[in-house]
Amino acid sequence: MNSDSGQTPGRVLVKGNEAVAYGAVDAGLQCYFGYPITPQNEIPEMLSTLLPEHGGSFVQAESEVGAVNMLLGAGACGVPAMVSSSSCGISLMQEGISYMAGSHIPGVIVNMSRGGPGLGDIGPSQGDYFQAVKGGGHGDHRNLVLAPATAQECYDFMFKAFTLAFVYRNPVMILGDAVVAQLKEPVRRVPPAGTNTPEYLQSLVRDQRIEGYGARGKAAAPRLLKSVYLAEGALAGRNRLLQSKYAEMRKEVLFERENVDDADLIVIAFGSMGRTARSAIHRLRKAGRNIGLFRPLTLYPFPEAALQKLAPGRRFLVVEQNIGQMVEDVRLAVNGVCPVYWHGVMPGLFVGADELVDPILRALE
Amino acid sequence: MSKYQDVIMAGFGGQGVMLIGNLLAQAGMEQGINVTFIPVYGAEMRGGTANCTVVLDSLPIGSPLVHEPLSTIVLNEPSLAKFQPRLRKDGVQVVNTSLIAEHLVDAAIRTVRIPANGMAHELGNAKLANMVALGAWLRATEALPLKAVRDALRRVVSAHYAGLIPVNAAALDAGYNFA
């Protein structure tokens, strides 16, 4: 697409997928690995030319398993790298993601999810919430998870993702869906205020250079990046270390709230369902209903403290495009303090705001 | 005050609904308003059915998807069957009468009937039916100035096809001026 955008310099009309590619390159991406799958194909398509132009390397892997292990290798060398895929492809990557988490290896994984389970369809779905926030791979591990709702957030969150990956040396996942991947809207291709430049990322890479880097010879301690700890008590120590890191990650929580202060009912929705819900809420507020919107931007860490604070005297309604996943985390967060209702949109459907109006009204009754 | 408009554009794969959707969204962005464009198509391409939704708003756009649109551009009969029942009562549809039988059109709905394929053929290129229909839609909704859409052609049509921009602009004009 021609980037000469006429009367609005700096704004380009791009898909969420294309915004991910621009954001990754502008944030300092050096290596991309991937294997094609709808609805995220514009990401590798664009990066196959954009990334080499910026001095990086693009590799179409032989499979998703190959791609995630290349990500592990690049991360182990302290290189800002990413993979992207969709649902079933992300399932194939889970072994590598668990190994990266166990070995303290940074990397960014973009999941523009599709309908499931199994091969599902290429329509929108939020059915990968559990997989993204509860680990997904085996063992006790956590990904940092960001959920964009707009093409602009697809761009902006790439900066955040690479920074978090190297600060915590942990896998970071962007969880989108077919709506945010495929919709086009104007994006300002400017690094978001307060976020970091590729130079800052490089300084993080230097400071955090992984324990595998270093001297040879018998005198030097072995410098291994590994997730295997067989000696008695060694794995317990490793898991305690991971646990303390995950506790520290909780301060990275991000969310958006709109009209919550006077609200009787707060709708909680993430990603593209968050923006669809916003349209329905605006319509109902015009009709005099006191309804607010709460949109988690990070799914892990989950904004439970903010929800606890809002709970007394209110009702919550979780709207999500799956058969009930985030609602469990909301119920855990409020721990019975307020009623938590749920409305599920089935995976694969393209749903407009008009179809959320009645479910929201029902939660008010 | 919000100036809001939405449109679902639908036809066979290959009729160019994605191109006019992109064009409208690009023109809206260049006019400084908020826009979203979202395509919906099956695994099949040419010959299958395809549709896209464009939303234009002076306020930030929530949902990029619309179940009951304010307007539609329907280029073939399967698209009329799908979207005519969903059109809002105060909405308007642009119907391609070259490919859609008159008796299928709901008389209660405000409808712009335009022989888009026939007019495109007269302009010398049957592939211009999409632009003819978009021109008629711009006249019916006054959502954006015709000139803004004509100007945006340069950003949406790839350099390889730049030679076709004048005839596309002429097709927009023809649709707009069809009364």
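Mentor: What follows is a close look at one pair of packed helices in chain B. This is a predicted model, in which local features need pLDDT of at least 70 and side-chain atom pairs count only at pLDDT 80 or more, while totals for chains, interfaces and linings use all residues. Residues are numbered from 1 along each chain as its sequence is written, with chains lettered from A and ligands numbered from 1 in the order in which they are written.

The pair consists of helix 1 of chain B, residues 17-30, and helix 4 of chain B, residues 129-141 (helices are DSSP runs of H or I, at least four residues, numbered from the N terminus). Their axes are 9 Å apart and meet at an angle of about 40° (axes are lines fitted to C-alpha atoms over the stretch in contact, and angles run from 0 to 180 degrees between N-to-C directions).

Helix 1 of chain B brings B:Val17, B:Leu19, B:Ile20, B:Leu23 and B:Leu24 to the contact, and helix 4 of chain B brings B:Asn130, B:Met131 and B:Leu134 (contact means C-beta atoms, placed from the backbone, within 7 Å). By class, seven of these residues are nonpolar, one is polar and none is charged (Ala, Val, Leu, Ile, Met, Phe, Trp, Tyr, Cys and Pro count as nonpolar, Asp, Glu, Lys and Arg as charged, the others, Gly among them, as polar).

Chain B also touches its partner, with 21 residues of chain B in contact with 25 residues of chain A.

Note on methods. Two residues are in contact if their C-beta atoms, placed from the backbone, lie within 7 Å. Helices (H or I, at least four residues) and strands (E, at least two) are DSSP runs, numbered from the N terminus.
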